[in-house]
Amino acid sequence: MQTVTKQNDSNRSWLQTHKWLVIRRISQISIFTLFLLGPLANIWVIKGNLSSSLIFDVIPLTDPYIIIQSLFAGQSLTNTAIIGALIISLFYILVGGRVYCSWVCPINIATDSASWLRKRFNIKSNSLFPRNTRYWLLAITFLIAFITGTLAWELINPVTLVQRGIIYGLWTSAFILLAVFLFDLLISRDAWCGHICPVGAFYSLFGRLGLIRVSAFQRDNCDDCMDCFVVCPEEHVIKPALRGANNNLGPLILEINCTNCGRCIDVCDKEVFKFTHRFNSKIISNNSDNQGSSQ
Amino acid sequence: MSSRTPQTNTSRRRFLTETARTVCGVSLLGLSIGFYSNNARSLPATSLRPPGALDEKDFLAACIRCGLCVRDCPYDMLKLADIVDQAATGTPFFEARKAPCEMCEDIPCIAACPTNALNKSLTNIDNARMGLAVLIDQETCLNFQGLRCDVCHRVCPLINEAITLEPQHNTRSGKHALFIPIVHSDKCTGCGKCERACVLEEAAIKVLPISLAKGELGEHYRWGWKEKEKAGESLVTPDVTHQYNLPEGLKYDHAGEGLKKE
């Protein structure tokens, strides 16, 4: 974890080693551009924000997490909200729950940058939060909604604050992004997205069913360079898939907190990983220089 | 009793301390958000909610802060609260003095709301109750000084219903009338046009939340004359026609002549 790891002997181009990163950034930025096209250029493809929106003034999309908070706060749901939340839920069941985190959420660009700068400048200060903090916080957000009878968490939720701030030009709210960035950069590694954020925790629950998954399908090629563990923001998800041969685990990464960001695919010179679907657990072993066993 | 190796003991202890630490930290955070949310509930008197908004407490539970009402307002007078605003973060509001509600007949903000935060059962904008106009400063209101400003009355979308002008004697000049603007709470929608239009430096008429603007009778209280009308007669003591005990042959004339012979 000390330095940026070697892009060693590989002769892959920058684009090849950053393919998914580039596609992901394009996805994150274009989603926000679509939201901004309305207010800035009067082109209304999508209106609202990630809490609730309308596509072409017809298709409703609603964040199931905020709707459930509203239920806990004692409100009943409208049909629009239910339909919108169902569409979003089905989508994330299809693509994998935490795809929200790495492909949609704008906070991710800031926390990724913090993580990258940490490695770059060798920032070691790190106060540790357990990974399950986010699930405790998720429970607390429902609890305070129930006790206060309001969407209390949404008063300070950096995820919605920043999105809303950017889309509606509320600059103080958007500024919270800087706070999250600095926290991740200076205080705790991958703290927000990887340990604390209850929004991510909520979306991870869809990951139990997520159809699109990363598979370590050529794990026999792995030369234990550890690059994927260093680059992964949720490094605990890789081990069972990559090293699980003896325990009959893998090669699919089924852990719900895998965000399908594709960094492991990008970073691996041995092309161990690829995107596939949940039912494809095929392993390809092309005995180039390995001594591992396939099954 | 199962045998415990020192190793499982340590890991159990570590698990327990770590969990306790997380739970404590997260609960403290939850507690402070809870207290903060209590403060955030006090909407400033100058911030008004869009038409059809539920009571503030329910509104803060039902509004998911998507801003679709803001987007669909054709006059762009609704704003979402920034984190520095006093209204709860992300919720829609407007300030009458800056930009009042234009009272669209189709109420697009309510149609846009994906939840119940803006009540869909409000279909006639005249029945909206965003607040209540109050002529709050009689000392500066021009009409109270005997001038014919009348601006609040004339801009009122429900002119002569929500605001009427009631003539009174002008004691200052002795020979003129004061036309006093009176707001009627059964008609006023709280749109804020009067506050916006008030010609003073600081408006003399202001739209306030109804909870601030309205008094409320004790539930036991009855207006005597209304009860009398309902019952057809006084409920307390029977009505007796007044009798003057005048010397015989005299009567009292109420029209101004006073005592006179019959």
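The model is predicted: local features need pLDDT of at least 70, side-chain atom pairs count only at pLDDT 80 or more, and totals for chains, interfaces and linings use all residues. Residues are numbered from 1 along each chain as its sequence is written, chains are lettered from A and ligands numbered from 1 in the order in which they are written, and side-chain values use heavy atoms, with hydrogens and water left out.

Stay in chain B and select B:Arg49 and B:Glu56. Their side chains form a salt bridge (a side-chain nitrogen of Lys or Arg within 4 Å of a carboxyl oxygen of Asp or Glu) at 2.7 Å, N to O. Both B:Arg49 and B:Glu56 are buried (under 20% relative accessible area; exposed is over 50%, partly exposed in between; 1.4 Å probe, protein chains only).

Next, select A:Asp269 and A:Arg12, a salt bridge with its closest N and O atoms 3.0 Å apart. These two residues are 257 residues apart and link distant parts of the chain. A:Asp269 is partly exposed at 24% relative accessibility, whereas A:Arg12 is buried at 18%.

Then select A:Arg25 and A:Asp112, whose closest N and O atoms are 2.8 Å apart in another salt bridge. A:Arg25 is in α2 (residues 19–41) and A:Asp112 in α6 (residues 107–120), so the pair ties together parts 87 residues apart in sequence; helices here are DSSP runs of H or I, at least four residues, and strands are runs of E, at least two, numbered from the N terminus.
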